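Hi everyone, thanks for making time.

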Amino acid sequence: MVTDDVGMSLSYGLSLNGLLFWALYTSCFVENRMVSVERIKQFTNIPSEAEWVKKDKSPPPNWPTHGSLELRNLQVTRKFYHHVEVLTCGFGL
């Protein structure tokens, strides 16, 4: 009678293991799908950008039509954790 109980408990244990795996897999799958739906809802509620050229608000007549950009003593800083590194370039454009 003891061997019958051991066999039955092993059979139930293995089927319970499969059932537990299926439940965990299904819950993870459903959660991933819910996150996907939340992201889609967020992306559909993003406000659109402003127009490139506003027809009713044009710049004043004295607004410059051409311009230039001049760089002098360019310094680029890079922070890596707590160490700050300054890269100095000796040129200007």
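Reading along the sequence, you get the pattern α-β-β. In other words, we have one helix and two strands. Please keep in mind that this is a predicted model.

Let's start with the surface. The protein exposes about 9,900 Å², and carbon and sulfur atoms supply 63% of that area. How many of the 93 residues count as buried, as a percentage? The answer is 0%.

Now for a spot I'd like you to zoom in on. Phe 21, Tyr 25, Phe 29, Val 30 and Met 34 form a nonpolar patch on the surface. Is Val 30 buried, exposed or partly exposed? Its relative accessible area is 41%, so Val 30 is partly exposed, since that value falls between the 20% and 50% cut-offs.

Next, the rings. A pair of aromatic rings is described by the distance of the centres and the angle of the planes. Here the count comes to one aromatic pair. That pair is Phe 21 with Tyr 25, and it is stacked: 6.2 Å centre to centre, with 25° between the planes. Both residues lie in helix α1, four residues apart, which is about one turn of the helix.

Notes: Residues numbered from 1 in each chain as written. Predicted model: local features only at pLDDT ≥ 70, side-chain atom pairs only at ≥ 80, totals over all residues. Heavy atoms only, no water. Patch = residues over 30% accessible without salt bridge, like charges linked within 9 Å, V, L, I, M, F, W, Y side chains within 5 Å. Areas by Shrake-Rupley, 256 points an atom, 1.4 Å probe, with all protein chains shown as cover. Salt bridge = Lys/Arg side-chain N within 4 Å of Asp/Glu carboxyl O. Buried < 20%, exposed > 50% of the residue type's maximum accessible area, 1.4 Å probe, protein only. Phe/Tyr/Trp six-rings, centres within 6.5 Å; stacked < 30°, edge-to-face > 60°.
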